[in-house]
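This report describes contacts between charged side chains, and then contacts that involve aromatic rings. The structure is shown below.

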Amino acid sequence: LESSPMTNIDVLPTMLDLMGLWDEPTLAPFRSKMPGESLLRGGSHDQLLPLSNCTELWACAFKNWGAMKGTRKLIAHQGDRAWGCYDVATDPEEKEDLGVAACGPDLLNLAEGNGRGRPF
């Protein structure tokens, strides 16, 4: 787990777990809707995760969008609409684009909204 990438979606589940509340029955309906996993239980590093810096609640000046699974990250930017694929374990600064095929169809499918295309 020490070498696995982690995202902020794992923070709330981890905090609940550290406080001994993760298994609290009254939280079960909310836990099932949380996208992350407690880092004490492995985290979400093997899940397909959508990436965006924009939401319905927060506007953004420059859109980024993509998907991530494990150490593979597929991302596009509003200014450069081509997808870039990176292995963040060996290239944390995302300088060497591996090509879309290296990220696989599952990341591309999620990033493009299951066939709807790029969001910008």
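## Salt bridges in the model

A search of the whole structure finds 5 salt bridges. The model is a predicted one.

One of the salt bridges joins the side chains of Asp87 and Arg72, with 3.8 Å from N to O. Asp87 belongs to strand β4 (residues 80-87) and Arg72 to strand β3 (residues 72-77), so this pair ties together parts that are 15 residues apart in sequence. Asp87 is buried, at a relative accessible area of 13%, whereas Arg72 is partly exposed, at 28%.

## From strand β3 to a loop

Lys73 and Glu94 also form a salt bridge, and their closest N and O atoms are 2.7 Å apart. Lys73 is in strand β3, while Glu94 is in the loop between β4 and α3 (100-111), so the pair ties together parts that are 21 residues apart in sequence. Lys73 counts as buried, with 16% relative accessibility. Glu94 counts as partly exposed, with 24%.

Glu93 forms a salt bridge with Lys95, in which the closest N and O atoms lie 3.1 Å apart. Both Glu93 and Lys95 are exposed.

## Aromatic rings

The count of aromatic pairs comes to 0. A charged side chain does meet a ring: Arg31 lies over the face of Trp22, at 5.6 Å from the ring centre.

How values were computed: Residues numbered from 1 in each chain as written. Predicted model: local features only at pLDDT ≥ 70, side-chain atom pairs only at ≥ 80, totals over all residues. Heavy atoms only, no water. Phe/Tyr/Trp six-rings, centres within 6.5 Å; stacked < 30°, edge-to-face > 60°. Lys NZ or Arg CZ within 6 Å of the ring centre and 35° of its normal. Salt bridge = Lys/Arg side-chain N within 4 Å of Asp/Glu carboxyl O. Helix = DSSP H or I, 4+ residues; strand = E, 2+ residues; numbered from the N terminus. Buried < 20%, exposed > 50% of the residue type's maximum accessible area, 1.4 Å probe, protein only.
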